[in-house]
Structures are given as structure tokens and as C-alpha cells.
Amino acid sequence: MLKIKHFIQQSWLLIVSSFCFGLLIAVTNAAWSPRIEQNQKDKLNNLMKTLIADANDFKMVLEAVQIPGRKGRITKTDIYEADDAEGRSIGFAFIASGPGFADKIKLVIAVDGKCEKFFGFDVLSSNETPGFGSKIKEDYYRNQFKGAPAGKLELVRVGKTEKLDSKIVAISGATVSSEAVVKIFNMYIDKVKEKLKAKGLINNGR
Amino acid sequence: MAAESKALNPGLYKQTLLAGLWRENPVFRLLLGMCPTLAVTAAVKPALTMGLSVIFVLICSNIVVSLMRNLLKPHLRILMFTLTIATFVTIADLFLKAFQPVMSETLGPYVPLIIVNCIIICRAEACASKNGLVLSIIDALGMGVGFTFALCVLAGIREILSTGAIWEIKVLPAGFVPWAAMSMPVGAFITLGLLIGLVNKISKKQAKSSCH
């Protein structure tokens, strides 16, 4: 009994404060979480809209698709279908992530309705070296993916960037980041195609 | 009695406020909070956002610590400080995610890392746990503004030299070749070192002239 009394005497302030602070955080979180979720949705929608310009609406068609990664690690992603103004499917977009030079790179990748060509990609989040790895966000690099065949891609050190094929020319001084993006594409595309085919969504695409 | 005499001394408020800005500037003189100083000063916008977040957390934590200073048990005080600071950092992080999503993303893990920023725990220990509410708020304000000022100066120099712009507005001529190194960690270390050297030189000069 004395031990409990001693414990309460020593720690009552900590217990009361923990409760009050916890309540304060819970109230703040409850008030702002809808806005935070909306911000995340808006960002994803904006990126998908930039990649598939004709899209009028995006709807999730496949949830938590399992993608086998390096060392047997499984990552999950949702696949969104892009519909035009008449409600026809014109493409698909999904979030893909993988290790970069400094930190995880998170991309939004878009493919056409038949899963034959990439519409391109945009960077959702990355912490690549400013001035070097950060160039994966620049058009010079990103444009190489627009219209490239939706299959395995290959990174080359020299080549023509204007040519739309499976060969992606690395950014000078940022080979690791360039390679990381190509690896992310290669890690996701086959599985995404397989899942879309299995659900009969690819044939519906234009 | 000591607290009362402090409260009655109006010069002390001014002295406390100004100490954080120059004489005890957390970055240039005390060398505290080096992690965000080096990490988020590639541009002025994120540096200012970080500075304002630290001011908010500093003021709130100093208020709470000052109010509970007579109830604090010596062996639990660090735990109480960390709990208080973590609460306000979480609120600041949620605020940025809700109302400044771009800045929140730019600052990344450095906002949650304010929890381990030495300036805040230092002011809680050195000032708020020993002084009244008003003095604690003034101390937090002085230290916070001093920290923000240092971050913005550092970020301004780095942004101009690495992009030729400040606050994303071009200020250097089109022919200027950006120094990419200034936006990288090496640029942060070199600029900070030079600024600390400059501040030390000015301070020594000031001390000499006040002696004479």
C-alpha cells in the first residue's frame, strides 16, 4: 500500500500530463485529419491528372496489390483507373516506391488503357541529392518514359533521349537515382499488368 | 522573493529578449540545434517555416514548464520536458500537414525531429523551470527569433549562391552559374563555419571597444 502511495506521489504529474497531452493531440488530430487526408488525395489526383491529361475521373480498381520487392519484401499499392469525360477507361495509374540514393523514392506511374505504353511518371516524394539526384524530377529525364513500351526498361549511360524505347539514358552525375527509378518501374510493371489482365480490365481499355 | 524581484525588473525582460538574438544566439553563439540548421537551410522558405515551428514549440513548452515548475520532481523533470515538447511538436507537424502540405513535405522528418532540438530542452531547463511565466515567454521568443534569424541568414546566402534567387525571386544576373555545392551539406557546413567566424570576430571587436 505504501509502495502504491509512493508511486502516485512521485508520478501523479506525469500521469495527469500524459492524459491531458494525449487528449490535446487526439482533439487536434480529429480536427485536422480530414484536411490532411484530403491534401494527400488532392496531390495524388493532381499528379495522376498531369500524367493522363484527358482523364476526367479516377477510381480505384484494385486495392492493396502485392508487389514482390528486393529480398522477398512485399509492398502494396492501389491501382487507379482513369476515365475520360464519356466514362471510358483511358489508362491506369499507381504509386510505386523503392530505394533511392539517399532515401525512399515514391513515384506515380501511369500506363495507357491497353498497358502497352507508359504515359510517364511523376515524383510523389524523394530526398535525392539537390542538383544531382533531384534531376529525376526534370523533364529531360521524365520525358524519356513518356511513350516508352510498358515492359522491362533498361538504363544506359549514353544514348538518344528523344528516342522512345525501353532504353533510358541515365542522368549524368546521378546514375544511382536514375537506376533507382528504372528499377522501381521494372519491379512494378509486370505485376500490375498481370493483375489488371486477371481482372479483365486491360481489354476494356482503349 | 527572487522571482518577484526578477518580475519587477523591466530591464531584465529586454535583456532576456535581446540575449537570444545576439549575445546568446542559439545557432551562432551556443551552437545548439545544429541538425535543422544544416539540414533545412538550402532555401529561405523551409528555413522560415522551421524557425516559426520552433518559436511555437518553444513558447508553448516554456509556458507549460513554467506553470508546472513548482510541481516538478527533479528526477522526472527531463521526462516531463520531453513529453511537453513532443506534444507541441506533434501539433506543429499536424498543422503543417493540414495547412502547408508542400512545406511539410519539404521539411520531411525535420519537423518531428524538433522534439530532440537541444534549444527547446535547454530553455525549459535553464529558464522556464526556474522563472515565472512572463520571463519564460520572453526568453522563448528571444531564443526562437534568434534561431529563426540565424536560419534565414544561412538559407539566404545558400539559396542565392545555389540558385541565383532568393524566396524564389531571381536576384543575380542570368549569366550567373549556380554553385550546386551550396545546396548540398558541404555548402551548409562551409557557410555556417564562415558565419560563426564572422559573429565571433564582431563579438570580440564589441567586447574590446566596451573594455576601452
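**Exercise 1. Which residue in S2(A) does A:Val65 stand opposite?**

Before we start: this is a predicted model, where local features need pLDDT of at least 70, side-chain atom pairs count only at pLDDT 80 or more, and totals for chains, interfaces and linings use all residues. Residues are numbered from 1 along each chain as its sequence is written, while chains are lettered from A and ligands numbered from 1 in the order in which they are written.

Step 1. Find strand S2, residues 74-83 of chain A. Helices (H or I, at least four residues) and strands (E, at least two) are DSSP runs, numbered from the N terminus.

Step 2. S1(A) and S2(A) run antiparallel and are joined by nine bridges. Two strands count as paired if DSSP finds at least two bridges between them.

Step 3. Look across from A:Val65 and you land on A:Thr77.

**Exercise 2. Work out the strand order of the open sheet in chain A, and say which strands stand at the edges.**

Step 1. Five strands make up the sheet, in the order S1-S2-S3-S4-S5, with antiparallel pairing.

Step 2. S1 (57-68) and S5 (118-125) of chain A each have a single partner strand, so one side of each has no neighbour in the sheet.

Step 3. From one strand to the next, the twist averages 20 degrees.

Step 4. Axes are lines fitted to C-alpha atoms, for helices over the stretch in contact, and angles run from 0 to 180 degrees between N-to-C directions.

**Exercise 3. Describe how H4(B) and H5(B) cross.**

Step 1. The axes of H4(B), residues 44-67, and H5(B) come within 9 Å and cross at roughly 140 degrees.

Step 2. The two helices are therefore oblique to each other. Angles under 35 degrees count as roughly parallel, over 145 as roughly antiparallel, 65 to 115 as roughly perpendicular and the rest as oblique.

Step 3. Who meets whom? Among the residues in this contact are B:Phe56 and B:Val57 from H4(B), and B:Phe81 and B:Phe88 from H5(B). Contact here asks for C-beta atoms, placed from the backbone, within 7 Å.

**Exercise 4. Find which helix of chain B gives the most to the side that touches chain A.**

Step 1. Contacts link 20 residues of chain B with 20 residues of chain A.

Step 2. Helices H5 (77-99) and H6 (101-107) of chain B each supply at least two residues of that side.

Step 3. H5(B) gives the most, with nine residues.

Definitions and conventions: Contact = placed C-beta atoms within 7 Å.
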